[in-house]
Amino acid sequence: MRIPAHSVCTAIRDDIVTGVFERGGRLAEEVLARRYGVSRVPVREALRTLESEGFVTTRRHAGACVAEPTDLEATDLLELRAVLEPLAAARAAGRRGEAHLKVLRGLVRLGQDRARRGQGEDLRSLGGWFHETLAQASASPGLIALLTQVRHKIAWMYVVDGTVRPVETWAERGAITDAVARGDAERARSLTALHAERSFSAHRLRGAAAVRTPQPPVNTASARA
């Protein structure tokens with residue numbers, strides 16, 4: 001059975017984001033094909049997609065390599081998120097479903113409880129789920145896709161310190177959820193813009209040493225993304 005290129009794309013992207021593949025490192029099709037248990041065809045398609053997203057670049061005589069974003073590009077990503085997330089929140093205020101609200105409220109309760117208890121180990125993941133759900137509630141496929149790509153790149157380029165203002169951060173997310181629940185688009189937009197701006201101080205650029213040790217081969221035939 002042919003493994004879809006999007007599954008291979010997700011697997012390669014995840015390995016880039018988590019540091020399995022070093023920035024600037026070569027991405028040989030034959031090596032990737034063996035790692036993910038697929039032919040070179042879906043690997044080639046996946047690399048083209050990842051190049052369009054900015055995770056991969058093609059070099060003369062070297063072929064596909066992991067991109068090496070500059071500090072300026074990283075800063076631009078935070079500013080782009082600060083534009084897109086308020087727009088998503090405003091749209092969510094008018095389009096969200098009850099299921100979205102239930103998830104948002106549940107995440108806020110859990111996040112606030114863990115922040116008060118000083119249990120910060122899961123706060124980053126909870127925050128990611130909150131913003132992903134908020135984007136999904138916007139019911140705007142193009143906006144959701146852009147935000148997903150931006151979040152992946154931020155996770156690749158930055159380490160986020162979950163101990164910075166955790167109680168205040170989750171109080172802000174609670175207020176955003178309340179505005180979305182009331183259908184107040186302008187308040188949801190302004191609160192999310194302020195929240196994004198305040199989050200900048202928790203982001204620290206990853207250094208070259210923040211690369212993980214390569215992991216054993218992954219077969220996408222049995223573990224599809």
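**View 1. Helix H4 (residues 71-95) packs against helix H9 (residues 185-199) at an angle of about 150 degrees, with the axes 8 Å apart.** This is a predicted model, in which local features need pLDDT of at least 70, side-chain atom pairs count only at pLDDT 80 or more, and totals for chains, interfaces and linings use all residues. Residues are numbered from 1 along each chain as its sequence is written, and side-chain values use heavy atoms, leaving out hydrogens and water. Helices (H or I, at least four residues) and strands (E, at least two) are DSSP runs, numbered from the N terminus. Axes are lines fitted to C-alpha atoms, for helices over the stretch in contact, and angles run from 0 to 180 degrees between N-to-C directions. H4 and H9 are therefore roughly antiparallel to each other (under 35 degrees counts as roughly parallel, over 145 as roughly antiparallel, 65 to 115 as roughly perpendicular, the rest as oblique).

**View 2. Here are the residues where H4 meets H9.** On the H4 side you'll find Arg81, Ala82, Glu85, Pro86, Leu87, Ala89, Ala90 and Ala93; H9 brings Ala185, Ala188, Arg189, Thr192, Ala193, Ala196 and Ser199. Contact means heavy atoms within 4.5 Å. The residues of this H4 with H9 contact split into 10 nonpolar, two polar and three charged (Ala, Val, Leu, Ile, Met, Phe, Trp, Tyr, Cys and Pro count as nonpolar, Asp, Glu, Lys and Arg as charged, and the others, Gly among them, as polar).

**View 3. Arg13 and Glu53 join side chains in a salt bridge, 3.0 Å from N to O.** Arg13 sits in helix H1 (residues 5-17) and Glu53 in helix H3 (residues 40-53), so the pair ties together parts that are 40 residues apart in sequence. A salt bridge is a side-chain nitrogen of Lys or Arg within 4 Å of a carboxyl oxygen of Asp or Glu, and the structure holds 13 of them. Both partners are tucked away: Arg13 is buried at 10% relative accessible area, and Glu53 is buried at 14%. Buried means under 20% relative accessible area, exposed over 50%, and partly exposed in between (1.4 Å probe, protein chains only).

**View 4. Here are some other salt bridges, starting with Arg59 and Glu68 at 2.5 Å, N to O.** Arg59 is partly exposed at 32% relative accessible area, and Glu68 is partly exposed at 49%. Glu172 and Arg165 pair up too, with their closest N and O atoms 2.4 Å apart. In that pair Glu172 is buried at 12%, whereas Arg165 is partly exposed at 26%. Then there's a network: Glu29, Glu30, Arg40 and Arg44 are linked by salt bridges.

**View 5. H1 packs against helix H7 (residues 141-157) at about 35 degrees, axes 8 Å apart.** From H1 come Arg13, Ile16 and Val17, and they meet His152, Ala155 and Trp156 in H7. The tally for the contact of H1 with H7 is four nonpolar, one polar and one charged.

**View 6. Phe55 sits in the loop between H3 and strand S1 (56-59).** With 0% relative accessibility, Phe55 counts as buried. Leaving aside residues up to four places away in sequence, Phe55 touches Arg13, Ile16, Val17, Leu50, Cys65, Val66, Ala67, His152, Lys153 and Trp156. Between Phe55 and Glu68 there are 8.3 Å in space, C-alpha to C-alpha, and the two are 13 residues apart in sequence.
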